[in-house]
Amino acid sequence: MAIRFASLGSGSKGNGTLVASGGHCLLVDCGFTIKETERRMARLGLTPADLSAILVTHEHSDHMSGVGPLARKYRLPVYLTPGTLRARDIGTLPHTELIEGHQPFAIGDIQVTPVAVPHDAREAAQFVFRACGRSLGLLTDLGTITPHVESHFGDCDALVLEANHDPMMLAQGPYPPSLKRRVGGAYGHLSNQQAAGFLQRVGCERLQHLVVAHISEKNNSLPLAQAALSDAVEQVRNCIFACQQEGFDWLTIDPVE
């Protein structure tokens, strides 16, 4: 057995990440309609009926707009913090599991550790998944890398890491001043340089896969993200850049021999 992961799409127009191991498959966030989720999962060889649960990082629409409809249609349990549940009315869910106190929990053989992150949401959490002796970190939608965050995500075997914006493009871009302050603030999103700095501090030798994600289509570009992260990712075996439309295909973390 091994951990596999893939993305339905990554960016401000919708997010969804699949994490699978040992016969269980989790969907982290759903910012798409039911029809679009079904279409994107079919590309990865699955249907929503194959899911064991939906996990939610926070209440923003690009992460949560599709959670309620998908959970109701396919009778899926939803895991989320009390703050996230209260922050947005998503209707009656078939089964709700509240993540209390950011304590680890398990779904099948997948151990899940919620990690509180600084983001402008009620009670945002990102996740570290462990199975088969390996770990996968999902780290997007945060404005600052805190010591708490670094301690949880610094030794993962694979990492999905946000590099949302280039500060110069954000400053010169089309967003109104208030939104620029929000995106670039301590509770907004990570810049290319913040992501690179995190990787340089923790080192990349252990990483089997690095996925650079949640790249803004208006305030960033693939060449700028690649240039900012080039030194940090030299030692990563596999580095890819997720996109809004296609996300990324299945990646497998080699199990412990």
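The chain comprises 9 helices and 14 strands, where helices (H or I, at least four residues) and strands (E, at least two) are DSSP runs numbered from the N terminus. Its radius of gyration is 17 Å, close to the 18 Å that the globule rule gives for 257 residues, so the chain is as compact as a globular protein of that length; the radius is taken over C-alpha atoms, and the rule is 2.2 Å times the number of residues to the power 0.38. The model is predicted, with local features requiring pLDDT of at least 70 and side-chain atom pairs counted only at pLDDT 80 or more, while totals for chains, interfaces and linings use all residues. Residues are numbered from 1 along each chain as its sequence is written, and side-chain values use heavy atoms, with hydrogens and water left out.

Of the 257 residues, 54% count as buried, that is, under 20% relative accessible area with a 1.4 Å probe and protein chains only. Among contacts (heavy atoms within 4.5 Å) with a separation of 6 or more, 65% are accounted for by residues 24 or more positions apart.

The count of aromatic pairs comes to 3, the rings of Phe, Tyr and Trp (its six-membered ring) being paired if their centres lie within 6.5 Å, with planes under 30 degrees apart classed as stacked, over 60 as edge-to-face and the rest as tilted. The ring centres of F5 and F248 lie 5.8 Å apart with planes at 75 degrees, so this pair is edge-to-face. Because F5 lies in strand β1 (residues 3-9) and F248 in strand β14 (residues 248-253), the pair ties together parts that are 243 residues apart in sequence; both F5 and F248 are buried. F127 and F129 form a tilted pair, at 6.0 Å centre to centre and 45 degrees between the planes.

Technical notes. Buried means under 20% relative accessible area, exposed over 50%, partly exposed in between (1.4 Å probe, protein chains only).
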